[in-house]
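Please keep the structure open beside you as you read.

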Amino acid sequence: MAILFDAEKKIFKLDTAGSSYIFKIYDENYLVHLYYGAKIPDYELPDFECRHMYASFSASNAHLLTKDFSADVFPFEIGCNGCGDMRISSLQIRNADGNAATDMRYVSHKIYPGKPALPGLPALYANTDDDCATLEVLTEDKVTGAQATLLYTAFEKHAAITRSVVIRNASDKPFEIEKAMSFNLDLPDADYDLLTLYGRHNMERLLEKRPLAHGRQGIGSRRGSSSHQQNPFMALLRRGANEDHGDAYGFNLVYSCNYVAEVEVDFNNSSRVMMGIDDSDFGWTLAPGEEFWSPEAVLVYSNEGLGGMSRTFHRLYNNNLVRGEWKRKQRPLLINNWEGTYFDFDDDKLVAIAKWAKETGLDMFVMDDGWFGVRNDDRRSLGDWVVNENKLKGGIAPLVKRVKELGLRFGIWYEPEMISPDSDIYRAHPDWCIHVPNRDRSQGRWQCVMDMTRADVRDYLFNIMSEVLAHNDIDYLKWDFNRNITEAGSALLPPERQKGFFHRYILGTYDLFDRITKAYPHLLVEGCSGGGGRYDPGILYYTPQIWCSDNTDALSRIDIQFGTSLCYPASVQGAHVSASRRTGYNTKKDVAMWGTFGYELDPAKISDEDRAVIKTQIEGYHKYYDLIHYGDLYRLICPWDDPYKAAWEFVSEDKSEFMFTVVTKFYMEAQNFFIKMKGLDPAKRYVCEETGKVFSGALLMNAGLSLYHYPNGDGESFALHFKAE
Ligand code: DGJ
């Protein structure tokens, strides 16, 4: 098993393909972190020393005064508030006496194959028991009776560990959890750059890099979603490490609501890293006997730089996060009417688009926003999920029939969590909308948000969606979410429970996702939030793909997709060719191929010439589907390093096939450069499908290919495919 416990030394060791994670039960039952990084052999365990450190002014446990121990400087597995550790806490409990002193010490542990599910929460899973092993460490605060079980799962093949915490009230009085981070990691130095993915609507997940500095630094969201602004991902890259070499630690939270991700560098130059539910507006009262489960965090280590880290995330998510019938199944190639028609459509117009799509070689037609209520613009009708028969004569069924008769699958758009003040459902149930007493209800895109903490709201949504989903042969659902949450409160929650509102909101949303996906297991659900505003592993647990961005311009998409690729695989990345301005159809295709692929345009505006090009693109998509979606990604030229060109490569797992793509964003005079491949077998000889030329893996990786004869004008691109002889 990937986890061992040395009973004599009281040391735990979690091993994965390329990493070891080691900690011990120290004196007075403190859980002390020893090491996380490249793999260490088991026989070294006895040589692991604690970093004994003394710190003046730091008060210490009175039983350990003769040792060089101080809770303020020791590296811990859990950072407790108020009992000597002055760094940011990962756990803070306000006990029945009113103080927030929290002090967890080891009680017992168990190790077993496989991985437990997290009740009500998305989480990675084991396919078989030998996929991973789990360590549960029970800790207790003897004074308050609060218990925290630290959960660690080591994924042997993937150099990844998941962590979460379960808090239990084993006392006879209620207490309040004020902060419960999913993990605490105390690294011994601070010689790292911190990498995060920032952005906004239409420009999500752009890479930002800053050196760690003393004090606190980090990111988070307080928007009621994981947000366009800061993805719940961060990485620490050893200074001097790069895309291909050196230590990279990646952290990703499996959560879709308010979160915080922080690093504190202390006066000893140690780095405390943590991620979890945002604690600035959080509190959770736990009655005697009750439990609270934190969301899960994924920790990846690679000594092959950022590229190695990303490939580990990709394989892990493809195998142990994405679920259901669409896991590893080729997704239908779709056309979506949104950018083609917006709200201005009827059944005949939609069928005309579908007909064009079928004749062009596509597999599915998706009807986007505007099919229900009186939604002729974005000011009304969300929540009234009843078909608008002025647009779709006779309802949805005749339209689905006409599309199916063409030989296409059918998809539909919903935004279940939203409610328009101008809607029948709002007029009937104004308290179903998130609000607080005596304050205006702020609107975003003229809409409010449904109170997903309420079971009656969730039942209404499940039932009204089922009116359509249960009675029509629908293959795909786009689940949108187009504003953030304000005046966060529920009419049903008592005052002492309002502090946990955001977490209850997302638990309610996950519950609806769960009910819909269980009731309609054939449905391919695509997550969306004004593009990629809720692009996180929590959503991926329910929807095997997420619309990456409302920005479909190929050149902008390069930056977005490179950033997204830091931890999310191509198979989950919603990407379409659209009519957007800046490039021709070849570049649009080359960029959208790095994703689920599809089209989002008005066929009436496509010339015959462009349509012929689109037909050939569709053939290519089918041919290279597995290579792109399940191959290994190598970023060859990154937008954060080079403003002129971008290039990426997919290599099949057995290294028998690869393809690479180069896009010139802006032409640069005097370019005659060689591009070097990565990740090939040096001994294999690869034949280029397009030119018939043969090269060894060694030549391709070391000397590289000349790009002299390939398109390199502004916005131009090309892709080449190779197979081993
Ligand atoms: C935002 C999405 O990202 C778009 O693709 C589209 O579905 C609109 N919402 C519809 O309102």
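Two strands count as paired here if DSSP finds at least two bridges between them. In this predicted model, an open sheet of nine strands can be followed in the order S29-S28-S27-S26-S23-S22-S21-S31-S30, with parallel pairing. Strand S29 (573-574) and strand S30 (577-578) stand at the edges, and each has a single partner strand, so one side of each has no neighbour in the sheet. Within the sheet, strand S23 (residues 409-414) pairs with strand S26 (residues 476-479) in the parallel sense over four bridges. Trp413 has Lys478 of S26 as its bridge partner.

An antiparallel pair is found elsewhere: seven bridges join strand S11 (residues 192-200) to strand S12 (residues 203-211). Here Tyr198 is partnered by Leu206 of S12. S11 and S12 make a hairpin with two residues between them, and Asn202 in the turn has a positive phi of about 80°.

**Packing**

The largest nonpolar core has 195 residues, and Ile167, Leu236, Phe251, Phe365, Met367 and Trp371 have the most contacts inside it. Leaving aside neighbours within four places in sequence, Phe251 is in contact with residues including Phe183, Leu185, Pro232, Val273, Met275 and Phe313. Another core, of 21 residues, lies apart from the largest one; among its residues are Tyr634, Ile675, Leu700 and Met701.

Helix H10 (residues 585-592) is mostly covered, with seven of its eight residues buried. Those buried residues include Tyr585, Lys588, Lys589, Asp590 and Val591. The elements covering them include helix H9 (554-564), S30, helix H11 (608-630), strand S33 (645-651), strand S34 (657-664) and strand S39 (717-724).

**Domains**

The domain assignment gives domain 1 (3-320), domain 2 (334-414 + 460-481 + 513-631) and domain 3 (633-724). The centres of domain 1 and domain 3, taken over C-alpha atoms, are separated by 39 Å. Eight residues from domain 1 and six residues from domain 3 take part in the contact. About 690 Å² is buried between domain 1 and domain 3, and carbon and sulfur atoms give 49% of that area. Which three residues supply 62% of the area that domain 1 buries against domain 3? They are Leu207, Glu243 and Arg311, which supply more than any other three residues. The count between domain 1 and domain 3 is two salt bridges. Glu243 also meets Arg635 in a salt bridge.

**Charged pairs**

The salt bridges come to 57 in count. Four of them are set out here.

| Pair | Closest N to O |
|---|---|
| Asp347 and Lys393 | 2.8 Å |
| Lys404 and Asp473 | 3.1 Å |

Asp347 forms a salt bridge with Lys393. Asp347 lies in helix H3 (residues 347-360) and Lys393 in the loop between strand S22 (364-367) and helix H4 (396-405), so the pair ties together parts that are 46 residues apart in sequence. Asp347 is buried, at 5% relative accessible area, whereas Lys393 is partly exposed at 46%.

Lys401 and Glu405 are four residues apart in helix H4, so about one helical turn separates them. Lys401 and Glu405 are both exposed.

Lys404 lies in helix H4 and Asp473 in the loop between helix H6 (455-469) and S26, so their pair ties together parts that are 69 residues apart in sequence. Lys404 is partly exposed at 23% relative accessibility, and Asp473 is partly exposed with a relative accessible area of 46%.

Finally, a network of salt bridges links Asp189, Asp191, Asp193, Arg238, Arg239 and Asp247.

Technical notes
Residues are numbered from 1 along each chain as its sequence is written. This is a predicted model: local features need pLDDT of at least 70, side-chain atom pairs count only at pLDDT 80 or more; totals for chains, interfaces and linings use all residues. Side-chain values use heavy atoms; hydrogens and water are left out. A nonpolar core is a set of buried Ala, Val, Leu, Ile, Met, Phe, Trp, Tyr and Cys residues joined through side-chain atoms within 4.5 Å. Buried means under 20% relative accessible area, exposed over 50%, partly exposed in between (1.4 Å probe, protein chains only). Contact means heavy atoms within 4.5 Å. Domain bounds come from an automatic or database domain assignment. Buried area is the accessible area (1.4 Å probe) that two parts lose on being put together, summed over both. A salt bridge is a side-chain nitrogen of Lys or Arg within 4 Å of a carboxyl oxygen of Asp or Glu.
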